[in-house]
Amino acid sequence: MSQLPVPGRDTAYVWIGRGVGGRPLPAGRLLRRAGAALLGRTEAEIVVEHGRDGRPLVTVPGAGARVELPVSVSRADGVVAVAARAAGPVGIDVEWCRPLPALALAGRWFAPAEAAWLAGRDADGRARDFLRLWTAKEAVGKALGTGLRGGGLRRLMPVPDDLDGALRSVPGAFDSAWRPVPEALDGGLRSASGGGRLRVGHPRVGGGLVLAVAVVADEAVPVHVVSVGAVLVQAVPVGAARAGTVPVGSDGAVGAARCSAHVAAARSASVERTSLPVVVRGS
């Protein structure tokens, strides 16, 4: 049984796994591990179900009150990522950094302010910046339980930074159903005014992955990243690195280099299975 949870501290935990031969670990395995760690049970006691909306549910059956753990799952060609948070809703999305028409896609799907911001970014890192915005929108939609319905792709995200990957407030004001209030969004990319409870960020991971985690919370929530199977990162809290190691896959120079290398390799590879082309094809 894992001793990951910090008593009395609201934390979002992320498990990232790679399988054998390019196939991801089964999501159920990671979900049971998450349930055991955060609910204080053995993996054998954890049951993985699906709600009416198709989202996974981690539960502990038995007599008495039903115990559920909020979780989220994302997959990207050979990798599966699971987020879990005992204190409330959580969303996760992962994508491989790869070549794509970032400006054209942003112009079609994103708010004008975000498309303009992306156009001003360095061309070499534009694909990564696009995917950071995209994964943020996906993760936020999952945390809210709405997905990208109702204009989710045009919901403004905080400007991605190259610092510690901490979760930041989503810009704008929202009504009781978490729909953006248009009058509050006309200022473009800026700090949040009324959306302070909705937070999203990009924890440090490696290997050419872009990962976003979102929560609904009144205060800042740290993210703790764990790996299963082929190791990408091991127990590195956001904003910290283990002594004697380099945070490969951070949002700094090393992470950018890894992303660029993956983009170069992908130019001669087959198209990866991801949620992104599905939305584009369905337009």
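**Entry 1: a residue in a strand.** I started with Ile 92, which I found in strand 7 (residues 90-96). For the numbering of elements, I took helices (H or I, at least four residues) and strands (E, at least two) as DSSP runs, counted from the N terminus.

Before going further, I noted that this is a predicted model, where local features need pLDDT of at least 70, side-chain atom pairs count only at pLDDT 80 or more, and totals for chains, interfaces and linings use all residues. Residues are numbered from 1 along each chain as its sequence is written, and side-chain values use heavy atoms, with hydrogens and water left out.

Is Ile 92 buried or exposed? Ile 92 is buried, because its relative accessible area is 0%; buried means under 20%, exposed over 50%, and partly exposed in between (1.4 Å probe, protein chains only).

I then listed what Ile 92 touches, leaving aside neighbours within four places in sequence; its contacts include Val 14, Val 73, Val 82, Ala 139, Lys 142 and Leu 211. Contact here means heavy atoms within 4.5 Å. I also looked up Ala 143: its C-alpha lies 7.8 Å from that of Ile 92, although 51 residues separate the two in sequence.

**Entry 2: two helices.** Next I turned to helix 3 (residues 112-119) and helix 4 (residues 126-144), which pack at an angle of about 155 degrees with their axes 10 Å apart. Helix 3 is therefore roughly antiparallel to helix 4, a label for angles over 145 degrees. Axes are lines fitted to C-alpha atoms, for helices over the stretch in contact, and angles run from 0 to 180 degrees between N-to-C directions.

Which residues meet here? From helix 3 I wrote down Glu 114, Trp 117, Leu 118 and Ala 119, and from helix 4 Arg 126, Asp 129, Phe 130, Leu 133 and Lys 137. By class, this contact has five nonpolar, no polar and four charged residues.

**Entry 3: a closer look at Asp 129.** Asp 129 sits in helix 4 and counts as buried because its relative accessibility is 3%. Beyond its neighbours within four places in sequence, Asp 129 is in contact with Trp 117, Leu 118 and Arg 121.

**Entry 4: the whole chain.** Among contacts between residues at least 6 apart in sequence, 59% join residues at least 24 apart.

Notes:
Parallel < 35°, antiparallel > 145°, perpendicular 65-115°, else oblique. Nonpolar A, V, L, I, M, F, W, Y, C, P; charged D, E, K, R; others polar.
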